[in-house]
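Grab the sequence and the 3D view, and let's work through a few exercises together. Try each task yourself before you read the solution.

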Amino acid sequence: MPLPDKTCGIAEAIARILDGARIMLGGFGVPGTPFCLIRELVRQGQKGLTIIKNDANETGMGVDWLLENGQVARLITSHIGLNPRAMQMMNDGKISVEFVPQGILAERIRCAGAGMLGFVSDIGIGTLMAEGKPTVRVGDRSGILETALGADFALVHAARADTFGNLRYAASARNFNPLIAMAARHTIAEAETMLPPGGIAPDDVHTPGPFVDQVVLLPELPEVYGVVER
Amino acid sequence: MLRRAARDIRAGMTVNLGIGLPTQVLQYVPAGLAVCLHSENGIAGVGPVLDRVHADRNLIDAGGAYVSALPGTAYFDSAVSFAIVRSGRLDLTLLGAFEVAANGDLANWIIPGHLTPGAGGAIELAQKARKVAVITTHTDKHGRPKIVAHCTLPLTAPGCVQRIFTDMAVCDVTPDGLRLSELAEGVTVAQVIAATGAPLIVPQAPLPRF
């Protein structure tokens, strides 16, 4: 019984995304950011997007392209300090930004991906981060209720994929990718290398194929994926 | 200050260093010291920084520096990375500060309307590392104290800081208040008091110098 083939062209994959979609993006800085999928989203120009990503990349990269092109209405993130445009647009009221502590962002995404409604944590008690969140008592401890964070789409960058959508990431390019891959209703993965089924040994799979809906093979990797000149 | 802070990193520890001054402490940690550096983006066992020619495009630390792997390095996703933090596996974190208060309150993630970088992983690091130390210049670029009686900026975490390293002194947060514990070479107690925005407990005995 062969496993389904989910390979797809990049334009066709991104064309499923409509205006107003909630989109999760992988990546922590450059590693793991799906630049080619984002570039295609810029080319197609869907508007009013909610972007969920650890950070807003840097000037001239990834999320910054979407901001520059006026496609983002809302950003849910942990840190935008390396993107002056994102901070300016936030302070000018041009985009709304929800800051989430990094590990809570990861866990809320993981929670959605695991089919759960939420969890209780003590992170951020006594700070702005806890404001407006219900408090919950667990035994003799007090916590805050964190809700699961899902999305319509997840755009993932993988080092290797097979045609069924099993994925493997490289080094610190893993970060949020395996979490968002589980948390969206439709997950699109771009891969540097596409292998036949079995090309990634079963024990070596990071994201199992059932979480992935479409896999796009990247052509030669654009320069933006390379080592950044500072 | 960097050299003094490096002395608090001891063999056997798992340590997370914040972006900026905290990471610069590394240059004073002896190369042979057995320490596991954790990075929020999913690395335990961060190795030395590499130049551009030797960099691996997939391997950065949370500050964006190209780093290397060591024998025994592990990579993991961001949920696992913060499971390490929240479950108390970090022995020490060194963080930067906009303001730090005498009671250990820390503000280092937002100056509303002006500088709005966001907290990244700092809230969990500040709240959950077993020991939290701040490393900062004693005053800001306008000469105003960064150590204050009460933080005016939104907090990263209340009451989290145990020790403060500055270019003038080492201060410890105690139940009785902020204690002056060590002095930098050439700095007087009076100068530290003048540059500090909170009352300081000054021990009778001569203070160690660094």
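Strands E12(B) and E13(B) pair in the parallel sense over two bridges. A quick note on terms: two strands pair if DSSP finds at least two bridges between them. Helices (H or I, at least four residues) and strands (E, at least two) are DSSP runs, numbered from the N terminus.

Before going on, keep in mind that this is a predicted model, where local features need pLDDT of at least 70 and side-chain atom pairs count only at pLDDT 80 or more, while totals for chains, interfaces and linings use all residues. Residues are numbered from 1 along each chain as its sequence is written, chains are lettered from A and ligands numbered from 1 in the order in which they are written, and side-chain values use heavy atoms, with hydrogens and water left out.

**Exercise 1.** Is B:Gln204 buried or exposed?

*Solution.* 
- Step 1: Locate B:Gln204 in the segment after strand E13 (200–201) of chain B.
- Step 2: Read off its relative accessible area of 82%, which means B:Gln204 is exposed.
- Step 3: For a sense of scale, go to B:Gly121, 83 residues apart from B:Gln204 along the chain; their C-alpha atoms are separated by 39 Å.

**Exercise 2.** Now try B:Asn16: buried or exposed?

*Solution.* 
- Step 1: B:Asn16 lies in strand E1 (residues 14–17) of chain B.
- Step 2: Its relative accessibility is 0%, so B:Asn16 counts as buried.
- Step 3: Look at what surrounds it, taking contact to mean heavy atoms within 4.5 Å. Leaving out residues up to four places away in sequence, B:Asn16 touches several residues, including B:His38, B:Glu40, B:Leu92 and B:Leu125.

**Exercise 3.** In what order do the three strands of the open sheet with E5, E6 and E7 of chain A come?

*Solution.* 
- Step 1: The order is E5-E7-E6, with antiparallel pairing. Strand E5 (118–121) and strand E6 (135–138) of chain A are the edges, each pairing on one side only.
- Step 2: Count the bridges: four join E5(A) to E7(A), with A:Val120 partnered by A:Leu145. Four also join E6(A) to strand E7 (residues 141–147) of chain A, and there A:Val138 has A:Arg141 as its bridge partner.

**Exercise 4.** At what angle do H5(A) and H3(B) pack?

*Solution.* 
- Step 1: Axes are lines fitted to C-alpha atoms, for helices over the stretch in contact, and angles run from 0 to 180 degrees between N-to-C directions.
- Step 2: Helix H5 (residues 102–113) of chain A and helix H3 (residues 78–86) of chain B pack at about 125 degrees, with their axes 8 Å apart.
- Step 3: Name the arrangement: under 35 degrees counts as roughly parallel, over 145 as roughly antiparallel, 65 to 115 as roughly perpendicular and the rest as oblique. H5(A) and H3(B) are therefore oblique to each other.
- Step 4: Pick out the residues that make the contact, among them A:Ile104 and A:Arg110 of H5(A), and B:Phe82 and B:Arg86 of H3(B).

**Exercise 5.** Where does A:Asn57 lie?

*Solution.* 
- Step 1: Look in the loop between strand E2 (49–52) and helix H3 (63–68) of chain A.
- Step 2: A:Asn57 has a relative accessible area of 4%, so it is buried.
- Step 3: Its phi is near 55 degrees, a positive value in a residue other than glycine. Most residues other than glycine have a negative phi.

Methods
Buried means under 20% relative accessible area, exposed over 50%, partly exposed in between (1.4 Å probe, protein chains only).
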